[in-house]
Amino acid sequence: MKNNFKIGSHVSMTGGLIAAAKEAASYNADTFMIYTGAPQNTKRSPIEKLKIDEGHKFMMEHNLSDIVVHAPYIINLASYKDDIFELATSFLKTEIERTTAIGSNYIVLHPGSYTDKTAEYGIQRIADGLNMVIDKDTKPFICLETMAGKGTEVGRSFDELAEIIQKVELKEKIGICFDTCHTHDSGYDIINNFDGVMRDFDDIIGLERLKVFHINGSLNIRGAKKDRHANIGADETNPKGKDMIGFESIYNIVHSKYAEGKILILETPWLNKDTNLYKEEIAMLRGD
């Protein structure tokens, strides 16, 4: 039986879209996720140097599609500091333009951290920023990511994400990226009650907004609010640590009705500079 989802992983854009696509193909992936440049700074190669046409040709030949772009971490729409907020809005607008040029329909965004203010302030500030950036011609979905709740980050609950969406004018442009590690770490019981968690998601946000899953194990017990990813189903012998969600729970999520037709992206750890488990984890989760 053919799986009704597309699964892949984060891959490098060093060498352009063609190199990213070739890396994804080496993992036997259906899709992949990229940053259009380094996630920690604003340095970006010009679009014309990203080998987009070559990448799309390779993708068509190797059944790769529906790629995802992840917005850089330095974007903080919740900041009360004018310079940080201005950078966040201008840089996000540029990243949306690059996402469109690359041919992706999804840009995943960490909502932001309110630092010295309040969650209510951060939620309003994020919505204000999105209203400045999104217009009727915006093509990709801006997919707010479910967050683990560390520090003062916003998006640690479905309610916070729903509050942001409620304040966005062009709501039809907003999607959600459901991160299994983050949602587990924030306190949702995706191990024993995933159906119940998703019923809550539907009631509060709406399943129609769910566009992308980040499929990650967690090094933490539920509710730890630490955001530390683990390899899928890893035991104590794994150099990066034991997965506290577990293979069975992740497999059930991937093969649930909620993942049907969705894009699934692995962000699990590399064991060292020469080894990652993406090919193995993709095969395991497909049931190959």
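**Exercise 1.** Is Lys 150 buried, partly exposed or exposed, and what is its relative accessible area?

*Solution.* This is a predicted model, in which local features need pLDDT of at least 70 and side-chain atom pairs count only at pLDDT 80 or more, while totals for chains, interfaces and linings use all residues. Residues are numbered from 1 along each chain as its sequence is written, and side-chain values use heavy atoms, with hydrogens and water left out. Begin with the cut-offs: buried means under 20% relative accessible area, exposed means over 50%, and partly exposed lies in between (1.4 Å probe, protein chains only). Lys 150 has a relative accessible area of 38% and is partly exposed. Its salt-bridge partner is Glu 153, with the closest N and O atoms 3.6 Å apart; a salt bridge requires a side-chain nitrogen of Lys or Arg within 4 Å of a carboxyl oxygen of Asp or Glu. Glu 153, at 5% relative accessibility, counts as buried.

**Exercise 2.** Describe how helix H1 and helix H2 are placed against each other.

*Solution.* Helices are DSSP runs (H or I, at least four residues) and strands likewise (E, at least two), numbered from the N terminus. For H1 (residues 16–26) and H2 (residues 52–61), the axes come within 7 Å and cross at roughly 25°. Angles under 35 degrees count as roughly parallel, over 145 as roughly antiparallel, 65 to 115 as roughly perpendicular and the rest as oblique; H1 and H2 are therefore roughly parallel to each other. In contact (heavy atoms within 4.5 Å), residues of H1 including Leu 17 and Ala 21 meet residues of H2 including Gly 55 and Phe 58.

**Exercise 3.** Which residues of H2 are buried, and which are exposed on the other side?

*Solution.* Ile 52, Gly 55, Phe 58 and Met 59 are buried in H2. Seen down the axis of H2, these buried residues fall within an arc of 125°, so they line one face of the helix; the arc is that of the directions from the helix axis to the C-beta atoms. What covers the buried residues includes H1, strand E2 (31–34) and helix H3 (82–102). On the other side of H2, Asp 53, Lys 57 and Met 60 are exposed.

**Exercise 4.** How far apart in helix H3 are Glu 95 and Arg 98?

*Solution.* Glu 95 and Arg 98 are 3 residues apart in H3, which separates them by about one helical turn. Glu 95 forms a salt bridge with Arg 98, the closest N and O atoms being 3.8 Å apart.

Terms used
Axes fitted to C-alpha atoms, helices over the stretch in contact; angles between N-to-C directions.
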